[in-house]
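User: Please take a close look at one helix packing and the aromatic rings that go with this part of the model. I want the residues, the distances and the angles.

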Amino acid sequence: MAKACILSVSGPVLTKDEAALFAAHQPWGLILMGRSCVSRGQVRRLVDDIWNAMGRPCLIFIDQEGGRVARLKAPEWPLFPRGHDYAELYAKDRLAGREAVWLSHRLIAAELSAMSIHADCAPVVDLPVPGAHDVIGDRAFGTEPETVADLAGAALKGLADGGVAGVIKHIPGHGRSMSDSHMELPRVTAGDNELAKDFEAFARLSDASMAMTAHIAYDAFDAGVAATLSKVMIQDVIRSRIGFDGLLMTDDLGMRALGGSLRERGTAAIAAGCDVLLHCSGFLKDPDAILAEMADVAAVSPELEGKALERAMRAEAMSTHAQEFNAQESWQRFYEYFPQLQRIATA
């Protein structure tokens with residue numbers, strides 16, 4: 001039985017201690033950070049080693065949005081646009097904007113699935129506001145819920161058509177944050193009427209198979225408590241008001257927005273209603289320190305069962321239905337939309 005957590009790997013090669021931890025605790029999935037991605041062949045071997053250690057082909061995640069959030073770096077892998085680039089195209093021609101998003105994410109899916117990566121922590125569904133911290137910024141598809149949901153929906157379809165399950169983020173909305181949740185807990189003081197716009201973008205995509213929480217406190221609902229750890233935000237807002245019934249994973253538990261120990265954070269997130277704990281060890285480089293943190297998260301992760309297991313199985317099913325497509329023609333069409341990326345790729 002898999003445990004309700006997604007863990008990571010400390011580098012490009014799976015260590016013996018990591019293999020033993022994964023075999024013993026059986027995390028539901030693994031996420032590959034930039035430190036684990038050097039080349040296509042290396043990533044494929046790493047995935048094989050993870051699966052051999054686990055004794056099963058667990059779901060492999062990655063953060064590959066395009067723009068500045070991309071674990072797969074050039075020149076080994078192609079560059080993809082920022083969310084803002086699609087928004088600009090969409091403002092001129094909605095059909096073209098929607099096609100460009102689908103096409104890009106279908107091509108991302110082709111890159112990922114070729115290495116047996118079948119889950120992408122994208123797209124961003126947050127609505128940035130003027131004066132907010134740029135942690136979201138140009139990653140966003142726009143500032144209006146209709147636009148963002150339309151383009152994010154096209155992104156989800158592009159990924160799914162390539163056999164990759166997407167993860168909408170950061171529910172119920174990170175766009176109003178005045179600080180970076182990697183470093184501290186942002187506090188959003190906007191009232192219910194203002195936040196309704198943020199919630200609407202996610203509500204339009206409430207049938208998504210997976211979502212990632214925001215490590216943000218919303219004064220209008222549960223002051224001082226990050227949504228990841230708040231029953232009010234998860235049960236009353238995310239599940240009831242927004243209507244999301246897919247698998248809900250935390251953002252990285254190692255981020256400094258959350259207080260207390262990793263074990264306390266994980267226990268509180270599950271108690272609040274999160275289905276799965278995500279731990280990336282983004283601040284650490286020492287393999288032993290990363291291993292120790294993963295052991296703490298795994299120790300407080302319950303076995304996936306009941307509704308959480310059902311949601312996990314639905315998410316896995318989204319990663320198994322790749323559609324045929326012509327890669328050469330798709331790349332040609334992609335570069336017609338984004339010729340600047342072709343110039344970089346061929347430089």
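Analyst: G97, R98, V101, W102, H105, R106, I108 and A109 of α4 touch D150, L151, A154, A155, K157, G158, L159 and D161 of α5. Contact here means heavy atoms within 4.5 Å. By class, this contact has eight nonpolar, three polar and five charged residues. Ala, Val, Leu, Ile, Met, Phe, Trp, Tyr, Cys and Pro count as nonpolar, Asp, Glu, Lys and Arg as charged, and the others, Gly among them, as polar.

The model is predicted: local features need pLDDT of at least 70, side-chain atom pairs count only at pLDDT 80 or more, and totals for chains, interfaces and linings use all residues. Residues are numbered from 1 along each chain as its sequence is written, and side-chain values use heavy atoms, with hydrogens and water left out.

Now the geometry. Helix α4 spans residues 94–113 and helix α5 residues 145–161; they pack at about 35°, with axes 7 Å apart. Helices (H or I, at least four residues) and strands (E, at least two) are DSSP runs, numbered from the N terminus. Axes are lines fitted to C-alpha atoms, for helices over the stretch in contact, and angles run from 0 to 180 degrees between N-to-C directions. The crossing of α4 and α5 is right-handed: the near helix is turned clockwise from the far one by less than a right angle.

R106 lies over the face of F325, 3.7 Å from the ring centre. The criterion is NZ of Lys or CZ of Arg within 6 Å of the ring centre and within 35 degrees of the ring normal.

Helices α4 and α5 are also among what covers the buried residues of α3. Those buried residues are G83, D85, Y86, A87 and Y90. Buried means under 20% relative accessible area (1.4 Å probe, protein chains only).

Y86 and F338 are edge-to-face, 5.7 Å centre to centre, with 90° between the planes. Rings of Phe, Tyr and Trp (its six-membered ring) pair if their centres lie within 6.5 Å; planes under 30 degrees apart count as stacked, over 60 as edge-to-face and the rest as tilted. Y86 sits in α3 and F338 in the loop between α12 and α13, 252 residues apart. Y86 is buried at 1% relative accessible area, and F338 is buried at 3%.

F80 and F334 have ring centres 5.5 Å apart and planes at 55°, so this pair is tilted. Both F80 and F334 are buried. One aromatic cluster holds F80, Y86, F141, W331, F334, Y335, Y337 and F338.

Technical notes. Buried means under 20% relative accessible area, exposed over 50%, partly exposed in between (1.4 Å probe, protein chains only).
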